[in-house]
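Here are my notes on the aromatic rings, as you asked. Have a look at the model first, then read on.

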Amino acid sequence: MKKKSEELRSHRWYGVKDLRSFGHRSRTAQMGFHRSDYAGKPVIAVINTWSDINPCHSHFKQRVEEVKRGIWQAGGFPVEMPAMSLSEPFQKPTTMLYRNLLAMETEELLRSYPADGCVLMGGCDKTTPALIMGALAMNLPTLFVPAGPMLRGDYKGGFLGSGSDTWKYWAELRAGNITEQDWQDVEDGIARSPGHCMTMGTASTMTSAAEVLGLTLPGAASIPAPDSRHAQMATLTGKHIVDLVWNDIKPLDYLTPASFDNAVMTVLALGGSTNSIVHLIAMARRAGFNLTLDRFDELARRIPVLANLRPSGKYLMEDFYYAGGLRGLLSRITDLLDTTQRNALGQTLAQTLQDAEVYHDDVIRTRDNPLVSNDGLAVLRGNLAPDGAVIKPAAMEAHLRQHTGRAVVFKDYNDMSTRIDDPALDIDANSVIVLQSAGPQGAPGMPEWGQLPIPQKLLKQGVRDMVRVSDARMSGTSYGACVLHVAPESHVGGPLALVRDGDLIRLDIEGRRIDLLISDEEMSQRQAAWQAPAPKFQRGYGTLYLKHIQQADKGCDFDFLLPEGSNPEGEPEIH
């Protein structure tokens with residue numbers, strides 16, 4: 001049943017006759033609004049992560065006005081609220097350190113102000129999960145506006161993909177195969193419009209997951225940021241959120257374990273970022289569901305990669321959208337999805353895909369011609385990662401899927417930066433590069449250091465991939481035989497902390513194993529001798545972070561932010 005105006009949450013601020021409401025109304029008048037602008041209308045919080053140092057969101061100054069226009073047209077009262085921007089290209093040591101801070105800020109903005117519903121504006125990697133995590137905690141009517149991918153990069157008549165081609169041409173520069181002027185030309189042409197990375201990096205992976213979860217308008221996630229249809233989507237989102245408030249449709253009314261299964265399968269079919277594992281686990285746990293690493297692996301064994309997108313494939317998000325976009329891809333795996341799941345608008349997934357088509361079979365492959373038949377992502381276990389590690393087999397050289405090599409260990413990022421290109425470094429193409437102290441506490445913040453650089457002397461020999469192991473993450477735009485998210489991390493005494501130069505490490509993708517080939521006795525002796533390092537922070541947000549951050553297999557959320565009365569550890573796994 002449709003809500004009455006006096007049942008709106010904002011009625012407590014604006015609708016009652018007392019001294020405090022007098023203050024709310026008089027101060028709203030101070031901002032130039034007449035009582036008729038807001039009286040009896042839903043107040044919509046527009047959480048905007050625009051800033052001058054976030055290029056992915058540089059168009060949000062305009063998009064927020066289009067969202068507001070839709071809210072006004074539908075009879076709502078829009079209130080823009082700026083929130084921490086989390087600019088992936090600029091924020092140090094990593095935006096992941098601050099994902100939970102934005103989630104907390106979003107939750108508290110919605111709790112403390114007269115919001116009846118919200119529109120979340122994000123897209124740059126960590127903004128999507130952070131905004132959604134905060135909104136799930138408040139559980140108000142919610143819609144998400146994805147920033148959209150930027151246009152294709154350009155270099156000498158060819159297309160460039162953000163991130164992926166950065167790593168590619170950086171390796172070629174270090175190998176001496178391109179000039180400094182070539183490198184400058186890549187720099188000038190790789191990012192040429194507003195929007196987030198146009199490869200299938202973390203940004204497009206997570207906005208696609210948000211769409212499948214039902215938190216965006218159907219078709220919203222794939223629209224390029226400069227396309228006029230993106231502006232139209234923003235306005236339509238503003239219109240729809242007002243209806244959601246009147247009908248009191250909240251995320252936890254329609255999200256289910258099967259919704260998250262659909263999101264995982266979508267990520268796998270896209271060849272999506274390994275970062276999605278950490279974020280989706282955290283998002284599911286905020287909703288009270290126990291999504292696990294094992295569930296990702298179980299689904300990965302049977303889901304084909306159909307999106308021929310970099311870094312695993314050939315094309316970019318602009319091509320993907322005009323080839324049919326996310327709805328086109330989903331139309332090719334409907335038998336694998338639970339299409340009875342509903343979105344915020346009350347539509348089933350089947351209904352949203354009724355007219356979906358694919359217009360380019362090389363960009364969005366058919367089931368009988370997948371980019372990869374399965375294992376877009378893989379979860380590894382073994383004595384080096386008792387609580388799990390992840391890898392992206394589709395983005396690695398096939399000959400490394402089963403590999404044993406001797407470890408070359410770097411104790412932290414600075415040690416690696418200092419020594420990796422030393423001509424005297426004892427390393428060859430069969431070695432396994434190991435980086436310690438790069439996890440949630442060790443770095444701190446678990447930065448995207450996981451695509452460890454290949455030594456310059458090996459690049460010059462033509463080597464372009466090696467097995468690399470760390471407790472770090474890897475950019476969704478990255479590629480290579482990189483074992484990531486090793487849990488527990490080295491900084492808290494996980495087995496990764498015990499690896500020494502010359503130890504043999506065995507990787508087995510088919511067997512889902514990553515093992516340090518030493519005896520249990522030797523492992524125990526090293527563990528007994530290990531000493532905990534000093535904390536990375538002594539004050540501020542960092543001290544809160546270190547006390548409460550969970551490991552990668554739990555989603556790197558804060559332990560005190562699980563839903564009240566919820567215990568995902570005791571919940572059944574998603575099936």
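Predicted model: local features only at pLDDT ≥ 70, side-chain atom pairs only at ≥ 80, totals over all residues.

1. Residues are numbered from 1 along each chain as its sequence is written, and side-chain values use heavy atoms, with hydrogens and water left out.

2. You'll find 15 aromatic pairs here (rings of Phe, Tyr and Trp, the last by its six-membered ring, with centres within 6.5 Å; planes under 30 degrees apart are stacked, over 60 edge-to-face, the rest tilted). Take Tyr-14 and Tyr-38: the centres sit 4.4 Å apart and the planes meet at 35°, so this pair is tilted.

3. Tyr-14 belongs to helix α1 (residues 11–14) and Tyr-38 to helix α3 (residues 35–38), so the pair ties together parts 24 residues apart in sequence. Helices here are DSSP runs of H or I with at least four residues, strands are E runs of at least two, and both are numbered from the N terminus.

4. Tyr-14 and Tyr-38 are both buried (under 20% relative accessible area; exposed is over 50%, partly exposed in between, with a 1.4 Å probe and protein chains only). Ring pairs also link these two with Phe-33, Trp-72 and Phe-77 into a cluster.

5. What about a charge? Arg-152 lies over the face of Phe-159, 4.3 Å from the ring centre (the rule: NZ of Lys or CZ of Arg within 6 Å of the centre and within 35 degrees of the ring normal).
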